[in-house]
Structures are given as structure tokens and as C-alpha cells.
Amino acid sequence: MDRRRFLKTVVGVGAALSVRGIVDPAALPSAWAAPSFKGVRRSNLSTDEPQTSLRNVTTYNNYFEFSSEKDLPATLAKDFQPRPWTVAIEGEVAKPGVYDVDELIKPYTLEERVYRLRCVEAWSMVVPWIGFPLADLIKRARPTGKARFVEFVGLYDPKRMPGQRSLTMGLEWPYREGLRLDEAMHPLTILAVGLYGQVLPNQNGAPIRLVVPWKYGFKSIKAITKIRFVENQPATTWSSYGPREYGFYANVNPTVDHPRWSQARERRIGEFFKRDTLPFNGYADQVASLYSGMDLRTHY
Ligand code: MTE
């Protein structure tokens, strides 16, 4: 009797939690049967810090096209079909084009890049991405002398992305991001198509996303549909939403606080105690020179 009552309670709790999307068995990595990548190169640009669990990486997400709640993208994006998918390369390039995503990535050697990810909300993770340098794609596209920035555009499809139907979110769609051309060409900047050795889960930005590890996570746009080379600094989603709170550069900087909270420390997901946030998220040796002579208090 006791055992049956116990089981009933456990099932009840599970069902209650799954309504909120906290424990949706289908969203858990054990049920995630994505194809894996073979022959992926390791990279000496990876950190050897302990990696955040696959479960946390895939169930604690910021993906406002689906929801502003961290636990919901895993459930709400479960049936999203990231293929067929095209990516347009356009603007100031000698070789513009619209490519099927799998054709687009075919020429490149995939690498594993284990990077720290620091969200502007003061939490962080360590994620083993699979991807390739954005610089490789840029070289093939051959930017003209006028190209000074690269603009990235996400998907606009309110039928498939419930967050885009929200009347209260206040964000402009599609999601947009941008980098200066030299930031985009930096060897640390990658386009990711997988994580933990497997195809990118929908909630992490399938089929293709940007990863810029020295900047706050919002720069790393998910589900890219356009990569556009432009002369002037493009408008971006979060800096249009709150220009005083979210800058264009968004380099991780423990000495420049968000107007509403400190950026000095962060909580690594899966850990209890907070740790100090490092300038440029610990990548200063490699990227600080990109900003020499710039006042990073003004260009936050
Ligand atoms: N890209 C799109 N298209 N939509 C988003 O809401 N959120 C950003 C970024 N890229 C976001 C996005 C933010 S705030 C963060 S911290 C990271 O994605 C989170 O990536 P993850 O869920 O894979 O950890």
C-alpha cells in the first residue's frame, strides 16, 4: 500500500512539474536522439574547465522567440523543424547567395570548442560547442572594402515561435545581432551547429547559431537566417530594447555594472558559490587588443 501511495505521489509531482515544463521527459537529453558528428577536431582554443551538464545546457535556456522563461524553450521548441533551412549571405560581398544550411557548412572542418558562456544576467556555463570559425565563411563570401560590420538576423515565424506572438514581451522581431568585421573574423568567433558531439538541439538555436565567447550571451544569436555585410553599425535587438542596459559591444566586463545589477560576479550553473567574473570572460589575452584606445565604459 505504502509503495503504491509513494509511486502515486511521485507521478503526481512529475505531472505537476511537467505542466510548467520543468520535468518534461521528452525534453531530457536521454530522449535526445540527435545524429552525432564524426571526425570532429579538438581545438587548443578550448577551456579544460568542467563542462556544464548536458541536461542544464539543454533545459536552462534564453530563447525569447519561444518564451522568456528559462525552462520552457526545451518543451516549446521540441517539435520545431530546423530543416529545411536557408541562410542568406548578402550585402557588401563579392559572393552573395542563399544556401541550404547543410550545403553552407559542408566545406568547413568542424571543431569542438569548449567555451565559457557568460549571460548578461550574471549566470554562466561551460559548453562544448561543435562548429567552425566564422572567419572561414567570411573569407569565402569575400567582403568588399565597404563592409565594416556583420549583421545577423534570426527567424521570424510567429506560427512556429510562440514568443513572437506575445504582446507583452516588447522585443522587435526577428532577433538581430551584429559584430564589427574584425570581431567577426577573430579566431574565437564560431558558427555552432552542435554541442556535446551532437546536432544542435532546437532550444540552443538549431540549425545554426553564433558563439562569441568574450561577449555577453545575447550577442550569440540563435537560428540564423541572414548574414549581412554592411557599412554602418547595425541596430540590434537588445540595444534597441534597452540602450542604457545593453550595448552594441557587450564585452563581458566586471567593472561596468548593468544599471540594475552588478556584473562583478556570476553563478556558474550547477555550482552553489558565486565566482568572480573575468574581463572579456577570461579571453582578454586574445581579444583585448581589438579594443585598444576605446573607452569601454562608453562602449559597453
Ligand atoms: N538568440 C535568439 N535568436 N533569441 C534569444 O532569445 N538569447 C540570447 C542568446 N541568443 C537569444 C539568442 C541569450 S540572452 C543567451 S544568454 C544565449 O542565447 C543563451 O544560449 P543557450 O540557451 O544556448 O545557453
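1. Start with the largest nonpolar core: of its 76 residues, Ile208 and Ile227 touch the most other members. Strand E5 (residues 123-133) gives the most to this core, six residues in total. Keep in mind that this is a predicted model.

2. On confidence, the average pLDDT is 92, and 89% of the residues score at least 70. Residues 6-28 are the stretch to watch: the pLDDT there is below 50, though the model gives this stretch 24 contacts beyond near neighbours in sequence.

3. Back to Ile227. Leaving out residues up to four places away in sequence, Ile227 touches Val87, Ala88, Ile89, Glu90, Leu137, Val150, Glu151, Phe152 and Leu191. Two of these turn up again below: Leu137 is buried in helix H5, and Leu191 stands opposite Leu210 in E10.

4. Helix H5 (residues 134-141) has Leu134, Ala135, Leu137, Ile138 and Ala141 buried. They sit on the same side of H5 because they cover an arc of only 160 degrees around the axis.

5. Strand E8 (residues 190-195) is worth a look, as six of its six residues are buried. E8 runs antiparallel to E5, with five bridges joining them, and Trp129 stands opposite Leu195 in E8. E8 also pairs with strand E10 (residues 209-211) in the antiparallel sense, over three bridges.

6. Finally, the E8 and E9 hairpin. Strand E9 (residues 198-199) pairs antiparallel with E8 over two bridges, and Leu195 stands opposite Gln198 in E9. Two residues lie between the strands, and Tyr196 in the turn has a positive phi of about 50 degrees.

Notes: Residues are numbered from 1 along each chain as its sequence is written. This is a predicted model: local features need pLDDT of at least 70, side-chain atom pairs count only at pLDDT 80 or more; totals for chains, interfaces and linings use all residues. Side-chain values use heavy atoms; hydrogens and water are left out. A nonpolar core is a set of buried Ala, Val, Leu, Ile, Met, Phe, Trp, Tyr and Cys residues joined through side-chain atoms within 4.5 Å. Buried means under 20% relative accessible area, exposed over 50%, partly exposed in between (1.4 Å probe, protein chains only). Helices (H or I, at least four residues) and strands (E, at least two) are DSSP runs, numbered from the N terminus. Contact means heavy atoms within 4.5 Å. pLDDT is the predictor's confidence in each residue, from 0 to 100. The arc is that of the directions from the helix axis to the C-beta atoms. Two strands pair if DSSP finds at least two bridges between them.
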